[in-house]
Amino acid sequence: GAEPELMALVGDHLRVSIGSVAPDVLLRSPLRSDSTTLYALAKHHSATVLFFYSSTCEHCHAQMPGVVEVDRAFTSRGVKVIGLALDHDRNEFVENIERMHLTFDCFTDLDAWGSAAAKVFVVKATPSFVVIDDAMHIVGKPNDVEELKELLVRILR
């Protein structure tokens, strides 16, 4: 029946709710030979912003200048911005980084919605934001870049 499926879905959402410990995930990029993990990056930063996007998503493009601005404004305060592209085409991934002048590290396993990061963070739409602290706790899920800025200002006091 539907009940076990529903319970599994609720469980997935609870695992990535605010206050939960974020799942560690392997981060790959077609632009690098090596991979890293979310934890390896997050443990060195007071906050890590996960920006889930797709290179062909207009709503995502609308958020990108603001995300670049956050990267520029908050790096000195210990914030790391990571782009996680739900892409399947290497060229689109590369061209988007160049066209949108993305200054932060972007990753994709070229598996689109099958992306490991998108699955473990139960991403249902792009763009999506998740903010974690240096202990991998999820501290916020802002709806857009304006809420992201407000959250960062609040938690970095």
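Which residues form a disulfide here? Cys57 and Cys60 do, with their sulfur atoms 2.4 Å apart. A disulfide here is a pair of cysteine sulfur atoms within 2.5 Å. By that rule the count comes to 1 disulfide.

A word on the model. It is predicted, so to speak of local features we need pLDDT of at least 70, side-chain atom pairs count only at pLDDT 80 or more, and totals for chains, interfaces and linings use all residues. Residues are numbered from 1 along each chain as its sequence is written, and side-chain values use heavy atoms, with hydrogens and water left out.

Back to the cysteines. The torsion about the S-S bond of Cys57 and Cys60 is about 85°, so this disulfide is right-handed. Cys57 and Cys60 are both buried. Buried means under 20% relative accessible area, exposed over 50%, partly exposed in between, with a 1.4 Å probe and protein chains only. Cys106 is in no disulfide; its nearest cysteine sulfur, on Cys60, is 11 Å away. Cys106 counts as buried, at 6% relative accessibility.

Next, helix H6, residues 145-155. Helices (H or I, at least four residues) and strands (E, at least two) are DSSP runs, numbered from the N terminus. Which residues of H6 are buried? Val145, Leu148, Lys149, Leu151 and Leu152. Down the helix axis they fall within an arc of 165°, so they line one face of H6. That arc is taken from the directions from the axis to the C-beta atoms. Their cover includes strand E3 (47-53) and helix H3 (58-74). At the N-terminal end, Asp144 caps H6: a side-chain oxygen lies 3.1 Å from the backbone nitrogen of Glu146.

Now the core. The largest nonpolar core has 28 residues, and Leu148 and Leu152 are among those with the most contacts inside it. Such a core is a set of buried Ala, Val, Leu, Ile, Met, Phe, Trp, Tyr and Cys residues joined through side-chain atoms within 4.5 Å. H3 gives the most to this core, with 6 residues. Leaving aside neighbours within four places in sequence, Leu152 is in contact (heavy atoms within 4.5 Å) with Ala47, Val49, Val70, Phe74, Val79 and Val131. Apart from this core lies another, of 22 residues, including Ala22 and Ile132.

Last, Lys80, in strand E4. Is Lys80 buried or exposed? Buried, at 17% relative accessibility. Its side chain makes a polar contact with the side chain of Asp105, at 2.8 Å. A polar contact is a pair of N or O atoms within 3.5 Å; within protein, one must be able to donate a hydrogen and the other to accept it, and residues adjacent in sequence count only if both atoms are side-chain atoms.
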